[in-house]
Amino acid sequence: AALFQVFASWKGALNQRGAAATGILKNLAITLRAHLEATHNNFDMCDMASWLKDWGEQKASRKLWKLAKRDAFDQCVREDWLKWEGSELTEQQTWRAFLRL
């Protein structure tokens, strides 16, 4: 939980550094994965996945996206769905996520 607070305070700075922060973000993602899963923090998993993908870190980004997309009702997941899945999020997928099916 303490490491997540560090990440939350660094989030803006990491994003501003862009690809130069790839290594730091990848290590944070690996270390925070269990915490983010346990707390159902799909928004931050989605954000991290998107940044890592944009910065060329495909393997780590796919793992985070796979976890984050389980909640297709999350704002970040809905916004990034097309980028990752290659098609728009369907109404059925949205309802399934809303109903937690």
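The second largest pocket of this predicted model has a volume of about 170 Å³. A pocket here is an open set of points on a 1 Å grid over the protein atoms alone, where a 1.4 Å probe fits, with protein on both sides within 12 Å along at least five of seven lines; lining residues have an atom within 4 Å of a point. Since the model is predicted, local features need pLDDT of at least 70 and side-chain atom pairs count only at pLDDT 80 or more, while totals for chains, interfaces and linings use all residues. Residues are numbered from 1 along each chain as its sequence is written, and side-chain values use heavy atoms, without hydrogens and water.

**Pockets**

- The lining of the second largest pocket consists of K26, A29, I30, R33, E57, K59, A60, K63 and L64.
- The lining of the second largest pocket divides into 4 nonpolar, no polar and 5 charged residues.
- The largest pocket has a volume of about 280 Å³, and 13 residues line it, with K69, R70, D71, A72 and A97 nearest its centre.
- Helix α6 (residues 91–98) supplies the largest share of the lining of the largest pocket, 3 residues.

**Salt bridges**

- The whole structure holds 7 salt bridges, each defined as a side-chain nitrogen of Lys or Arg within 4 Å of a carboxyl oxygen of Asp or Glu.
- K11 pairs with D44, their closest N and O atoms being 2.5 Å apart. This pair links distant parts of the chain, 33 residues apart, with K11 in helix α1 (residues 2–17) and D44 in helix α3 (residues 42–54).
- K11 is buried at 16% relative accessibility, and D44 is buried at 10%; buried means under 20% relative accessible area, exposed over 50%, and partly exposed in between (1.4 Å probe, protein chains only).
- E57 and K26 also form a salt bridge, at 3.7 Å from N to O. E57 lies in the loop between α3 and α4 and K26 in helix α2, 31 residues apart.
- E57 counts as buried at 18% relative accessibility, whereas K26 is partly exposed at 30%.
- R33 and E37 form a salt bridge with closest N and O atoms 3.6 Å apart; both lie in helix α2, about one turn of the helix from each other.

**Surface**

- F73, W95, F98, L99 and L101 form a nonpolar surface patch with about 550 Å² of accessible area together. Residues in such a patch have over 30% relative accessible area and no salt bridge, and their nonpolar side chains are joined within 5 Å.
- F73 is located in the loop between α4 and α5 (75–85) and is partly exposed, with a relative accessible area of 36%.

Key:
Points joined across faces, edges and corners; volume = space filled by probe spheres on them. Helix = DSSP H or I, 4+ residues; strand = E, 2+ residues; numbered from the N terminus. Nonpolar A, V, L, I, M, F, W, Y, C, P; charged D, E, K, R; others polar. Patch = residues over 30% accessible without salt bridge, like charges linked within 9 Å, V, L, I, M, F, W, Y side chains within 5 Å. Areas by Shrake-Rupley, 256 points an atom, 1.4 Å probe, with all protein chains shown as cover.
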